[in-house]
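Please keep the sequence and the 3D view open while reading.

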Amino acid sequence: MKKLVILSGAGVSQESGLKTFRDMGGIWEQYRLEEVASPEAWHKNPELVLRFYNERRKTLWYAKPNPAHHAIARLEKFYDVQVITQNVDDLHEQAGSTRVLHLHGELRKARSTADPSLIYTLRHWELTLGDTCALGSQLRPHIVWFGEPVPNIGIASGMVEQADILVVIGTSLAVYPAAGLLHDTKKGTPVYVIDPGEPNIGKHNVTIIRKKASEGMEDLYGLLTTQSDQNQNVE
Ligand code: OAD
């Protein structure tokens, strides 16, 4: 099977009711990111940081995957699909995608401030001061904050290098190192970008589908399944 890599961002979950960051009315219009999504913010005002992620987590608790997430999951019948997501939601997994790499962490998880290998899946959307790990230390959101290293970027880069096709969906490509992944493809690899806005693609030679995720994915699903080597074998 051909390797299909999907690089997703906040836009893929917009139709599930989760806000993007940099669109009009987006999250970074409401909050200053240094005040809620950085190690300095955590030191200065952990309560505010927890409240910010609690709000996000509460919305996610009741959100459902949309047709774009489902189409991406269904592509596994035709391709060896690897999702690389900047999103901290788990809507790709909920839709049935089996290989999902999170670059910026996972909202449903918390980790120890004493030992980062102690990671817990939360049973409720609320994480508060006083919630502790097995060692008795405060738990923090399992999120990669600005100024922190992105542990999975090397793995992601290797996946993009191996891709036969790359699909970029719902990301402004404004945040590095994730945005740099676009340049890790082998020469000649077809790249499709689904976005109703103007992502920061630079001079890259890509096919742009200027639509929302669900509609754009429906179009691309038709194209990719027709092109697939597997389409003879699947009804
Ligand atoms: P952005 O908010 O920067 O970009 C969202 C992109 O989605 C834009 O290009 C929009 O045009 C597009 N978009 C909006 N609605 C859409 C829809 N219905 N369908 C498809 N596309 C749509 O979000 P990201 O690029 O994901 O990091 O942001 C990257 C990182 O910046 C995030 O992971 C987060 C943020 O700060 C951290 O918090 C570490």
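## The ligand and its surroundings

A polar side-chain atom of R22 lies 2.7 Å from an oxygen atom of the ligand, a polar contact being a pair of N or O atoms within 3.5 Å; within protein, one must be able to donate a hydrogen and the other to accept it, and residues adjacent in sequence count only if both atoms are side-chain atoms. For F21, a backbone N or O atom lies 2.7 Å from a ligand oxygen, and for D195 a polar side-chain atom lies 2.6 Å from one. Of the 790 Å² of accessible area that the ligand has on its own, the protein covers 94% (Shrake-Rupley method with a 1.4 Å probe; for residues, only the protein chains shown count as cover).

There are 23 residues around the ligand, and F21, R22, T171, S172 and D195 come nearest (near means that a heavy atom lies within 4 Å). This shell divides into eight nonpolar, 10 polar and five charged residues (Ala, Val, Leu, Ile, Met, Phe, Trp, Tyr, Cys and Pro count as nonpolar, Asp, Glu, Lys and Arg as charged, and the others, Gly among them, as polar).

## Basis of the values

This is a predicted model, in which local features need pLDDT of at least 70 and side-chain atom pairs count only at pLDDT 80 or more, while totals for chains, interfaces and linings use all residues. Residues are numbered from 1 along each chain as its sequence is written, and side-chain values use heavy atoms, with hydrogens and water left out.

## Buried loop residues

S38 lies in the loop between α2 (33-36) and α3 (39-44) (helices, H or I, have at least four residues and strands, E, at least two; both are DSSP runs, numbered from the N terminus). Is S38 buried or exposed? S38 counts as buried because its relative accessibility is 5% (buried means under 20% relative accessible area, exposed over 50%, partly exposed in between, with a 1.4 Å probe and protein chains only). Its side chain reaches the backbone nitrogen of A41 at 3.0 Å.

L173 lies in the loop between β7 and β8. L173 is not a glycine, yet has a positive phi of about 55 degrees. With a relative accessible area of 2%, L173 is buried.

## A cis peptide bond

P177 is found in the loop between β7 (165-169) and β8 (191-194). A cis peptide bond, with omega about 10 degrees, joins Y176 and P177.
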